[in-house]
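User: I am new to this structure and would like to go through a few of its features with you. Could we begin once it is on the screen?

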Amino acid sequence: MKGEVLLFISLLSLGSVIGQVSYTIPEEMAKGSLVGNIAQDLGLESKRLTSGKARIYTRDSDEYIELNRERGILLVKQRIDREALCRQTTPCALHFQIILENPMEFYSVIVQITDVNDNAPTFEEREIQFKISESAITGAKFVLERAVDLDVGLNDLQRYELKPTDNFALKLYNNADGNKNVEMVLQKPLDREKQEQISLVLTAVDGGEPQMSGTMLIVITVLDVNDNAPVFTQPTYKATITENSPKGTVVATVTASDADHGSNGKIAYSITNTLDDVRKMFNINKETGDVTLIGNIDFEESRHFQINLRASDEGGLTDSCKLVVDVQDVNDNKPDINIMSKSNVISEDAKLDTVVTMINIDDKDTGENGKVQCFINENIPFTLKTSANDFYRLVTDSELDRERSSEYNITVTCSDEGVPSLSSSVTLTLQISDVNDNAPVFESSSYEAYIVENNTPGLSIFTVRARDADWNQNARVSYILEDSSANGVPVSSYVSVSADSGVIHAVRSFDYEQIKDFHFRVKAQDGGSPPLSSNVTVKILIQDQNDNPPQVLYPVQTGGSLVAEMVPRSADVGYLVTKVVAVDVDSGQNAWLSYKLQKATDRALFEVGLQNGEIRTIRQVTDKDAVKQRLTVIVEDNGQPSRSATVIVNVVVADSFPEVLSEFTDFTQDKEYNDNLTFYLVLALAVVSFLFITCLVVIISVKIYRWRQSRIMCHSNLPVIPYYPPRYSDTLGTGTLQHVYNYEVCRTTDSRKSDCKFGRASQNVLIMDPSSTGTMQRIQSEKSILDEPDSPLEQKPPNNDWRFTQGQRPGPSGATGGPEVAMGTGPWPQPPTEAEQLQALMAAANVSEATATLGPGTMGLSTRYSPQFTLQHVPDYRQNVYIPGSTATLTSNPQQQQQQATAQQAAQQALPPAQMAAQMSAQMSAQMSAQMSPQPEPPKAAQTPASKKKSTKKEKK
């Protein structure tokens, strides 16, 4: 690298490091040539250039120097032509800045370009002609065209040479601007008769190494008799013009005079400037000498002009002068705002004095017109600080809040001090990036929601909403159901919350009668890091629905027993017969109950209280009134729609129980006829027929199957051991057989008679079939068929009725038989007397346990309004209740049941094996018949003399 490297570093106290480095390089260096090690000269590390994203900032559009960040050096980006860059200006230098970020810094760099002798002196015209009178006197001067060399210094034009030098010699004059004017001086008078035309060669030579030159041919035509040349009134003229003056403006007027007369005294004016812009800017009138403006003049491009003028007559005599034009500045340039570096986004938690943008201001005007002041709009958290001449920094001066303002349009305005003042502005858009500094906020501090019971699971109950003032991910709210319990149950089993929408859904169907309200907490959490959250309490209130009908507590309705209320015939009007007691588990008006008499045997005899359900007589009871009164009371609630329940109250009009007994023995056999009776009868008949046919087909199939099995065993030569399923066992240990017995049957092919042997209890029996080679396979298949629960060959447990031995058969008042009864040889017990039947009925009416176990065909009487019958006069029949018309005895004493079970087992063990086998077969047949036949009707109660008398009356009727 040629030249010297000058390093100037100056530090300022304005916050940014500013340094200046100067390099000197020759022009025309190859692309990629080294300019200098900028990192070393600035005292920076190469890493700093890379991390700071170092770059070159220049005001011009062309960049001749490039920065290599990795190596920290400056390189030639493109070929530098000093003449094209600076023309005749010396010294020629490139000015640019190195910009660094994080933190922002910049350094000024000056690269001076030295000249290289790469341009030869040139003339604008290759040939010039002169007409010189032969009378020209010695010493006459002829101005020649000046050669132009684009180089400077030693490489610029140094001298001129004229050949031949017989008549003319060269004379050089130095101008104030450093240029040289060339004149040709006549040294020897001309003689047109000897030489009419003279050719001379003018050579311009520079001082470079190697030397370069340019030539021009001078053709001189010798004229006759013109011995006076034009003469300007002044050698130098001065004029002033304001920039931006309109075209056609007269700048100045020059004047020359010629002493000759005629055509030899006629003067023509011309501009002799070459290779510059003078001819493009100015023009001279050839006749008057007025210099006018023909181009756009700009002070910032050229501050003064020098115009070379020539006056010539027709005889070829000339004179020259110069016109110096000074351009006055006008405030016609606005300040130019250049953004050196800027940030489009800044975090809302940025610290104070954070640099946002670096700005460079340039005003091409001078003086007061070039002084610039910059400012920004008010009421924003930013300020503009000056860091150097024409350099500004936009920094933060207060805290930022994106929720208050997410974007700032900062207008930077710069104005000069000219008159009138000119200004320019630029708007910077700055986005404020979000920081998760706001927690979600619910619209309310607490919520209450209502839901009607019996809702569908998944029903939307309510929606909670929370707002987050942050943005994007930081404002994305998710809803979470906090873990808690309501009434000892996790609240998550009641409701669920949609994480995205905050919709609360019911997980289950609510029942107002079980839970009336509950509360829980919902947490709203944003998506920031770390996340922020808030919670709110939600209370769910269950609204009642009329979903429960009234429940009748009294009178108690049992399946087979009937409870009757007794009214004496002497009862007065308003006599309280009974009271229907009902409740409704609903609440509010859904639980308001009203009582109405729906049907009655005699509506004129009884009435029901609308609100209290009391049944009272509305007239005096007479002998004509029927003994049996059946009242149907309907209980309705006040809900929408209304729900109801009915209760049947049986009323007996009698003064004593013996009078009632004869009328109520067949009371339970009364049938209720309704419109659907025919339908139910046909349906029952069809079902029974279907079951009968099905059972018949099954029995036939089983018989055929057993017959085929017996045929197989009869043709076999080996004894066959029949197999009984191991799962055939006694239920609850009260059956006839307590163990499984296997019987070995030996048959002969002739007589087909068998001998039976009894063996011990066994779980597994092997059946051998000699007629087939696949004996084991068939055994396994048959065993699988027998083991299947639905197999038709599987034997069912015996019917419970067969488990009662003679010892367990009930007798009068619970008497048991003697030993002969235990052996199955004793007689059946005698029918009970009327007194025993009445005592059993009274005991069943007063004891709730016995009433609950009574089967069809029995009845109970309430003694609420018959004080003459009390429990004090009735023996305790709860231990052993006899049911009239039945051979079964009901007992609620566990010890007695255990004694009966023990007696049954003893009776079974006392039987011989043959009787035991017979009894087992009978039990199996009875069980099968009981399963296949329809359910028998319950036995009717034994008739008493009173009932016989009543039936006789009915037959007569």
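User: Where is Pro420 placed?
Analyst: Pro420 sits in the loop between β31 and β32. Strands here are DSSP runs of E with at least two residues, helices are runs of H or I with at least four residues, and both are numbered from the N terminus. This is a predicted model, in which local features need pLDDT of at least 70 and side-chain atom pairs count only at pLDDT 80 or more, while totals for chains, interfaces and linings use all residues. Residues are numbered from 1 along each chain as its sequence is written, and side-chain values use heavy atoms, with hydrogens and water left out.

User: Is the peptide bond from Val419 to Pro420 cis or trans?
Analyst: That bond is cis, with omega near -5°.

User: And in which sense do β31 and β32 pair?
Analyst: Strand β31 (residues 407-416) and strand β32 (residues 423-433) pair in the antiparallel sense over 9 bridges; two strands count as paired if DSSP finds at least two bridges between them. Val412 stands opposite Val426 in β32.

User: What is the strand order in the open sheet of 4 strands?
Analyst: The order is β26-β32-β31-β28, and the pairing is mixed. At the edges are β26 (345-347) and β28 (372-376), each of which pairs on one side only.

User: Is Asn102 buried or exposed?
Analyst: Asn102 counts as exposed because its relative accessibility is 61%. Buried means under 20% relative accessible area, exposed over 50%, and partly exposed in between, using a 1.4 Å probe and protein chains only.

User: How about Asp390, what is its phi?
Analyst: Asp390 has a positive phi of about 65°, although it is not a glycine. Asp390 lies in the loop between β29 (382-388) and β30 (391-396), and at 39% relative accessibility counts as partly exposed.

User: Last topic: is Ser594 buried or exposed, and what does Ser594 touch?
Analyst: Ser594 lies in strand β48 (residues 593-600). Ser594 is buried because its relative accessible area is 16%. Not counting residues up to four places away in sequence, Ser594 touches Leu610, Ile634, Val635 and Glu636, where contact means heavy atoms within 4.5 Å.
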